[in-house]
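Hi,

Here is the structure I promised to pass on to you. Have a look at it first, and then read on for what I found.

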Amino acid sequence: MSNLKIFTKGFVKENPTFSLLLGMCPTLGTTTSAVNGMSMGLATMFVLILSNIVISLIKNLIPDKVRIPAFIVVIATLVTLLQLFMEAYVPAIYETLGVFIPLIVVNCIILGRAEAFASKNTPFKSALDGAGIGVGFTFSLTLLGAAREFLGSASLFGHKFEALQPYGMLIFVLAPGAFIALSYLMVLFNKATAKIK
Amino acid sequence: MKSSLINMVMVLFLITLVCAAAIGGVYELTKEPIDAAKQAKQIAAISEVLPSFEKVGIPQEKSVDGDVVKIYEATSGGKVVGYAVETFSKNGFGGTIRIMVGFKADGTISGTSVISHSETPGLGDKIDKSKSDFSKQFEGQNPETFKLGVKKDGAGDVDAITAATISSRAFVDAVNRAYQQVKPYMED
């Protein structure tokens with residue numbers, strides 16, 4: 001597989017949200033607005049790239065039977081480091097993302113890429129894979145967040161549409177709305193990309 | 001790599017050792033900036049709820065309801081201009097809510113600001129000033145005449161946030177706790 005393809009396959013063909021259906025917990029939980037979705041996507045991408053590189057570097061040292069605990073320890077460490085650095089140097093972003101950051105550890109996309117890709121490929125290819133999947137995840141979460149924010153609170157990226165305010169459907173901000181919005185977006189996404197696949 | 005008891009134990013031990021060392025190191029490294037950021041945030045929170053002041057004293061800590069309420073006395077030219085009270089409520093929908101409430105010297109609420117909360121995004125987080133005007137209804141009100149209770153409950157004069165009555169009640173509870181603690185200072 002060419003390097004370009006490794007990077008771009010995460011956008012559509014192996015889009016973690018709409019095609020692989022991985023990482024549903026943060027997808028449903030954090031996409032109450034476009035900005036929240038995007039922030040979660042970017043934070044996940046950061047951890048994904050780093051964890052893919054680290055796991056690819058140490059893949060030959062890990063005995064097969066304990067590879068999952070080894071991966072999880074590496075991922076949890078990276079997330080904790082990210083959290084500490086963010087709290088220290090970018091407190092404003094840490095504030096908005098605060099509760100979401102520890103959630104990255106249990107995101108099965110990261111463990112999935114470690115197991116399916118990084119443990120079999122070179123660090124460079126693993127980094128590309130992490131970046132590609134990360135971009136796909138960020139795009140999906142932003143899209144879902146934007147849809148829920150627009151339908152639920154009649155605003156987009158925090159910008160309020162005054163004329164539409166009375167028509168906001170609160171259910172889209174709540175948990176059931178997450179499932180409804182996700183399922184319809186999934187249908188549209190797979191319909192639109194059926195040819196590319 | 002083929003697994004054997006010895007290499008499994010060794011590898012896991014090494015990985016956890018390296019990870020623990022990395023976290024410990026970074027914790028030490030970031031401790032100071034994190035404390036500085038927290039302190040800066042506290043000063044910013046105080047100046048957000050109080051009109052201009054020159055100096056903030058060391059906070060008086062009061063233990064109430066199993067937690068601590070901190071009272072900062074703000075002075076200007078040796079005269080007390082108001083009190084900033086760091087207060088809390090444990091009745092939030094998602095746990096403890098911490099807010100800063102500013103009182104002028106006559107007991108009027110000059111402003112409120114949320115320090116931390118874990119309310120539902122899109123609903124309960126509207127207690128935050130940046131998300132809705134809910135908290136602005138307290139400004140310029142004196143709790144002597146403005147009853148601190150949710151209107152819907154028939155308990156007071158506060159309009160609750162739609163679909164977030166629990167968060168609104170908790171916010172009112174926190175403001176009320178601040179007022180009860182700061183009241184003795186006003187009467188001096």
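Predicted model: local features only at pLDDT ≥ 70, side-chain atom pairs only at ≥ 80, totals over all residues.

**Chain B**

How does the radius of gyration of chain B sit against the globule rule? The value is 22 Å, well over the 16 Å that the rule gives for 188 residues, so chain B is more spread out than a compact globule. Its C-alpha trace spans about 75 × 45 × 30 Å along the principal axes. Buried residues account for 34% of the 188 in chain B. As for contacts in chain B with a sequence separation of 6 or more, 48% are between residues 24 or more positions apart.

**Chain A**

Chain A has eight helices and two strands. Starting at the N terminus, they follow the pattern α-α-α-α-α-α-α-β-β-α. With a radius of gyration of 18 Å, close to the 16 Å that the globule rule gives for 197 residues, chain A is as compact as a globular protein of that length.

The C-alpha trace of chain A covers about 60 × 45 × 25 Å along its principal axes. Of the 197 residues in chain A, 43% are buried. If you take the contacts in chain A between residues at least 6 apart in sequence, 77% of them join residues at least 24 apart.

**A helix pair to look at in chain A**

I would turn next to helix H3 (residues 34–58) and helix H7 (residues 123–153) of chain A, whose axes lie 7 Å apart at an angle of about 165°. Angles over 145 degrees count as roughly antiparallel, and therefore H3(A) is roughly antiparallel to H7(A). The crossing of H3(A) with H7(A) is right-handed. In the contact between H3(A) and H7(A) there are 18 nonpolar residues, along with twelve polar and two charged ones.

**Where the chains meet**

How many residues of chain B are in contact with chain A? There are 24 on the chain B side, and they touch 28 residues of chain A. What is the make-up of the side of chain B that touches chain A? Its residues comprise 16 nonpolar, six polar and two charged.

Best wishes

Note on methods
Residues numbered from 1 in each chain as written. Chains lettered and ligands numbered in written order. Contact = placed C-beta atoms within 7 Å. Nonpolar A, V, L, I, M, F, W, Y, C, P; charged D, E, K, R; others polar. Helix = DSSP H or I, 4+ residues; strand = E, 2+ residues; numbered from the N terminus. Rg over C-alpha atoms; globule rule 2.2 N^0.38 Å. Buried ≥ 20, exposed ≤ 12 C-beta atoms within 10 Å, placed from the backbone. Axes fitted to C-alpha atoms, helices over the stretch in contact; angles between N-to-C directions. Parallel < 35°, antiparallel > 145°, perpendicular 65-115°, else oblique. Left-handed = near helix turned anticlockwise from the far one by under 90°.
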